Amino acid sequence: MAGKNRLQKRKTQYTNFYGYFNNKSKKYQKLKDGMRGLNEKITEYSELPAEEFDEEKKRELVNSYAAVMRALEEMLKKLVKSFQPDMEEIGLFVAVRSIMSKDYKTLNSSLQSGKNASLNDILEESRSKTVKLDEDLEKTERSSGNQNTRYKIKIKKDEENEITGYFTKDKTSVTDSNEQEYVFESLNAIADKYDLNYQSLERGGFYDAACRLVKNPGIFDLVSTANSLNQCLAEGCNSTLKKFAKACTVNGKTDKETLSIIKNIKDPVHFRALLEFMNALAKPMFENSNKTALGINSGAFTNRRNAAVSSVADALGVSEIVAHSENLKIQIDDNNEDEELRLPPKFIKGTFMEEVKGEDVRKADENSELYKADFSCLEGSKGLVKNIANIQILDYLVGNPDRHSANVIYNIKDGKLLSIVGIDNDTCFGFNDHTKYMAAVTPEKLMVIPKDTADRLMTMDEESFKFMLYGYQITSLEAENAVKRLRVLKEKIMEGEKVYENSVEGNLVPGKLKVCDDEELDKLSIHSQLASKGTDKDGNEFIDTKNLFGFITRRFLEGKGSSDVITNYKEAAFKDIAELCTTDASKINSDLGEFEPDSIKTLLYKEMYKSAAEASGLLNGNITYLNVFKDKEDNKLYRIEFSEKMKRLKIAVQTAIERIDTVSEKYAEVINKEENKYFKANLSDLKNDFMSAKEKIDRIGENIEKWNSVVRESKELYEKKKETNDRLKKEAEVKIKKIRLNQLRNDVNTYLEPIEENLAFTRYELSDLSKQIEKENNPEKKNKLTGDLRKKNTENNLNRLSSDAAYGIVSIITDPEGYKNSDSFRRGLAAGLIRYNYSLVNIGRKPQVNKGLKGIPTDLTDYDKCMEDMLKSADFQKTAEKLTPADFTEGDLKKLADGKLPDCFKKIADEYKAELENPLKQNIMGK
């Protein structure tokens, strides 16, 4: 029945839309006609069984949807450009388009798949999945990114199987309209947590100070993310305020007002509350600045863009390269046992992203494959190059600016990287140029595309691609830009086909996209061929990370696995310390306040209260919890140790727990029964607080020890990796050299082909002219034929010399040493070089051969240098002496006469000058 209800809902919606348009002026005529035609088709096909709803009918319905959506686009453009746009009507049109987009996409997919399905069933598939959870969403494990909070949940895939993944709520940005409410909620939460008075915070300098501080760029960076906030809290009040003060000096000028605020912060609890409130203010600023930079509407649910990217990956046939994401609704039922009083269910809308198995840099430890892997993990894995190439192509198509190390899951087995999967694609599809930001790949850095992906891209319909995106809150401008990127990829593919028309397997030209089959992709070197490289200001080569192959290469060449593990232990320690001095400290303060220290006169009670208060004081005190120092041998790695105060805190917490246990067991009976019950509950709460603190302190110690252990081991591990990396790089260079030589051989053969054809044809013409001269008795005609013969002979000699030169180049490939002793090669090369440098015959093949010669490790790569050396060579002098004017064209003979060719050709020049007066010369030179 669900499918029938869905179809009925669409009928009602589309009828209402038509009624709305029908009351409008003639400028809405296309919409009226389109919607009327669509409604008629839906009514006609709604009762058809699956076998009768055939391909032709599906195509008709898809075309009807497309006609309405085109008309909607036209009207939206007109409305937006009007003098006073009706925002309510624009909102309605966008909503209509979004609904129709989902139906269009599902119908189009059904059409492409060829599967039998009724209209009821097809429209049912366009419905967002709805699930009920067995647990409270707010109590599930969660992780907070810079923009969204992800809840780890399990949903049913079918009756027997469950899928684990991450749910993100639909959430709009904090804007001018809801900023006040957001600030109120944040400030109220801070006041409750630290037992502070909300009104005093609002009226006092707390709010103004937080706003002033967070607007400073340097201070903003220190508090804007969860990790940076935790580090500040872990390093303590004084250390952090010193950083704040340093950030107040910009270009030598001090922001005195901000500095004054910092100097007035003295109470550590007030400092922590202020820091957390600044983080609350910084989060929407961070998110909005990203949206503004990328051109994403501030009201957009960015989480839905994960589902949009997943949908595009499906259309390209590469669904496995990104974590599958889809729109999801979580149903929240009222648990009231009385059905009459039970409220209707509520729904939380959002996006569900499936969990991907593999190595995550955010969870890497010293036992993970990422920590141990070196460059060898990139070589020899079947399908790896295709996998990375597909992600890079998809990222460009969807405008992804943020494919950093934490947004990739690595599938490593037995030391080999088998594949990677992209996750967290929620910053895609902005209308600004995404390639200017973060780690986005540019079209020039795209080197290869798998053949099956290229085939799908070339046949992808631009209109269908655009319409598909509207169901994910993608705007018209964003969709148009996505279509432009699709066109760029198609143009790159067509351009590459021309460039690589005569290319050998494995040869790549920088900046040109090559379509490769799976076999060729597996033979390519990620480091030596696919990783984009650049040169810094000092001339040192570096691997460009704005290219996914380069990004992956650098991770394993530079041993980033060690850095990941160190970072994870550091952040885990900082997170626990931050919770200790905020959440745990607040709870202990609150629960300790339930006791009256003078109400009971026993010594043990007083000792218990005293030890608990001492531990609480240490937690709340203005202290630095960790010693942070640079490693002297490698300042990229730094270690942390327990500070003396941290050790004192550990002892104080343990003592408090022991004394709470003693009081709880032996001395609670001194109070009357009612008080005893209350007293025991308070003792239990206080003990739980301290137990939570103790667990964190123990965990901090473990993480610090692991951190230091990895720092010690990482240097030795890095040296071992470096040996392997250097060896593999050299092997790759040899491989690339062979590919370049093969390409050179191919270029030379391509160059020779027309010359060989010309030589064969010229020989035939020479033979024919010779026969004509023998038979000719007329002196004038005979002289004419003789002149033609000389011209053809000159052309033949020059082509022969070109052929000799080309064959000589081939001999370098087959016998790099033997060519030096080849007289025929020297003569051919000399003649060929003369022709190349002085354009004696314009065959137009120099660029190909010259480019190919760059792969040869000899001075032959430098034509000018080679010519200079040849002119000094005795062998060349002899070669030059054997040449005659017949080996040159008239234009080059004029250069000889004008002294524009080297002196070694003086003899030829003199002969040419002497012949200038010869009457037959006019015929010889073809005049």
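This note comments on one threonine and on several salt bridges in a predicted model.

1. Basis. The model is predicted: local features require pLDDT of at least 70, side-chain atom pairs count only at pLDDT 80 or more, and totals for chains, interfaces and linings use all residues. Residues are numbered from 1 along each chain as its sequence is written, and side-chain values use heavy atoms, with hydrogens and water left out.

2. Setting of Thr-140. Thr-140 sits in the loop between β1 (129-132) and β2 (142-144). Helices (H or I, at least four residues) and strands (E, at least two) are DSSP runs numbered from the N terminus. The residue is buried, at a relative accessible area of 6%; buried means under 20% relative accessible area, exposed over 50%, and partly exposed in between (1.4 Å probe, protein chains only).

3. Surroundings of Thr-140. With residues up to four places away in sequence not counted, Thr-140 touches Glu-135, Tyr-151, Lys-152 and Ile-153 (contact: heavy atoms within 4.5 Å).

4. Salt bridges overall. A salt bridge is a side-chain nitrogen of Lys or Arg within 4 Å of a carboxyl oxygen of Asp or Glu. By this rule the count comes to 45.

5. Asp-333 and Lys-132. These residues form a salt bridge in which the closest N and O atoms are 3.2 Å apart. The pair links distant parts of the chain, 201 residues apart: Asp-333 is in the loop between β7 (325-332) and β8 (346-354), and Lys-132 is in strand β1. Asp-333 is partly exposed at 30% relative accessibility, whereas Lys-132 is exposed at 53%.

6. Asp-424 and Arg-150. In this salt bridge the closest N and O atoms are 3.5 Å apart. Asp-424 belongs to the loop between β11 (416-422) and β12 (448-450), and Arg-150 to strand β3 (residues 149-156), 274 residues apart. Both Asp-424 and Arg-150 are buried. The two also take part in a salt-bridge network with Asp-360, Arg-362 and Asp-426.

7. Glu-287 and Lys-171. The side chains of these residues meet in a salt bridge at 3.3 Å, N to O. Glu-287 lies in helix α13 (residues 268-294) and Lys-171 in the loop between β4 (162-169) and α6 (179-193), so the pair ties together parts 116 residues apart in sequence. Glu-287 is buried at 4% relative accessibility, while Lys-171 is partly exposed at 34%.
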